[in-house]
Amino acid sequence: MSTRTDIKRPARAALTVGALGVVFGDIGTSPIYTVQTVFNPDDPHPVDAVTDHVYGIVSLIFWSVTIIVTIKYVLLVLRADNDGEGGVLSLITQIRRRAVGGSVRTKAVLAALGIFGASLFFGDSIITPAISVLSAVEGVKLVEPSFSPYVVPITAVIIVLLFATQRFGTARVGRLFGPVMIVWFAAIGACGIGGVVREPRVLEALLPTHAIEFLVGDFTTAFFALAAVVLAVTGAEALYADLGHFGRSPIARAWLLLVFPACILSYLGQGALIIDDPDGAITSPFFLLVPDRLLVPMVVLATAATVIASQAVITGAFSVARQAVQLGYLPRLRIAHTSAEQQGQIYVPWINWVLMISVLILVFAFESSAALAYAYGMTVTGTITITTILFFYVVRRRWGTPLWLVLLGGGVFLSVELLFLAANLTKIAHGAWLPLLISIAVFTVLTTWQRGRELVTQQREEDEGSLREFVEQLHEAQPPLPRSPGTAVFLNRGKSTTPLAMRANVEHNRILHEHVLILSIETMPVPYVEPDERIEVDDLGYADDGVVHVNARYGYMETPDVPEVLALAKRASPELTAEPEDTSYFLSTIELRVGRGPGMPQWRKQLFVSTSGITADAADYFNLPRDRTVIMGSQIIV
């Protein structure tokens, strides 16, 4: 007889393989370009490939990955999940909870900081596919230099195919990519061992003394080198953002048992190669580490791995986008669930195609991974620094960790990350302006939508009026309002105001259905809500009038389903009548117009109204039957 553990073990193994195929592609392909970028002679602040510098660089890479990825993210930050979900927005929801202490102003500042961190992650999601795939395809120039003109077109084709496959879902992509990444990590680890065997002295770089001596003895060179060293931790934030797709244990196991050792071996091997041949190896130390007869297979494998690297940030972007929608920072988007087993596996078409177009623009504009490398580190350092600040606030306020321990831990991580951030600020004139521009643009859209929603909500509350007063007027109306057979379901934002569609039906048509159900969908600051906590029914004080309010609670990682809510409401209150064939659904749609009133500058109002154009169809979003849905419109001037 098989035990429960036996049943679970294959599932855990499958999740670990899936995590390898989705989560670690970004950080797992960093060895392709990190060392090459550090010693790039065309860098505005080049590093000479002398032995002491090589030891220092490899040591900095090893300890940066150890401190930031292994200790901070894998051992600590992955524990700060919000009911299984990760990412910078999940930290914001934890901070915003009433149970978490702190002043309102502090929480508002941290929330704004977190939104900018999410904006940086979107920038990372654009740059990663471009630089990763370009760096791998550029390997064909070592095989056949005449192929150089085809690097950009080949890269563009690969990127289009990558984004076209997203609709099949993370689970299928992970099952396909996982075995490829196992081969990838085994290959780069083996090549790294080959380099170490040739120059065993490079193992000394694992000692922290080499990193410290490099920073202290030649601070100027080491400081500018940090802008490239940080490329070794690109993808660290994706580990956290993709937490909901696979869970903490599979991600931690995959990192500690395979990804981390393989990457470090590759860095050591490349360092050994440069020590042995400082002039020739710096052109492409990763590929030159590969035996000549295996170069073509490695280029093919590297191309596949960098496609998978892009997958890590794409799936992370989907998760962040859905959280932004549910938290009110983006309009309602169409979100497809791609797995019946894993709730976190989703596909967001609009985000997918925007990312694809943006990535293609970068590929054709920059044309090489070296040109993009200067821009890459800014998004990484900004995001990981913001995550550290938010994480340690949660550690202190929600977990109750002693202040001295929070200051010690946060101080250690921030001292490292702020040094990286300062080094990358020196690259603003050389390309780092690009991710900052992207992030500022995304941040502006997110905060403008949030503020615009507040203004629209205020105006709607004035137009809709009190729901209880409206129901009281219906109760006291003489003669009583005629009632038509069946049930009408009016979707509304809450219980305090009257649905515009309901008010219009009464005032203009002078009629109301026999049974009226006012339904509000409430997004809770948690990813998922238990079914027994989903529904709350209120008869509004007039049970005999057939008008009730139902509040349905959903987590920010869930997609509302109105027919499902009605079924749950009937079980909770058997007196409710809502038979599918006799039920009509009423939606209130709002036409937004730009006015001259206060609240936002004109340009932000224009942006808000323009952004509303990407809002997904409400009937589809709430899973309403088209043939029984009535849409009634109104206009609001912001």
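User: Let's start with a term: buried means under 20% relative accessible area, exposed over 50%, and partly exposed in between, with a 1.4 Å probe and protein chains only. How many of the 638 residues count as buried?

Analyst: Buried residues make up 56% of the 638 in the protein. This is a predicted model, where local features need pLDDT of at least 70 and side-chain atom pairs pLDDT 80 or more, while totals for chains, interfaces and linings use all residues. Residues are numbered from 1 along each chain as its sequence is written, and side-chain values use heavy atoms, without hydrogens and water.

User: What makes α5 and α18 roughly parallel?

Analyst: Angles under 35 degrees count as roughly parallel, over 145 as roughly antiparallel, 65 to 115 as roughly perpendicular and the rest as oblique. The axes of α5 (residues 88-96) and α18 (residues 369-397) come within 10 Å and cross at roughly 30 degrees, and the two helices are therefore roughly parallel.

User: Which residues of α5 and α18 make the contact, meaning heavy atoms within 4.5 Å?

Analyst: Among them are Leu 91 and Ile 95 of α5, and Leu 390 and Phe 391 of α18. The contact residues divide into 9 nonpolar, 2 polar and no charged. Nonpolar covers Ala, Val, Leu, Ile, Met, Phe, Trp, Tyr, Cys and Pro; Asp, Glu, Lys and Arg are charged, and the others, Gly among them, polar.

Technical notes: Axes are lines fitted to C-alpha atoms, for helices over the stretch in contact, and angles run from 0 to 180 degrees between N-to-C directions. Helices (H or I, at least four residues) and strands (E, at least two) are DSSP runs, numbered from the N terminus. Contact means heavy atoms within 4.5 Å.
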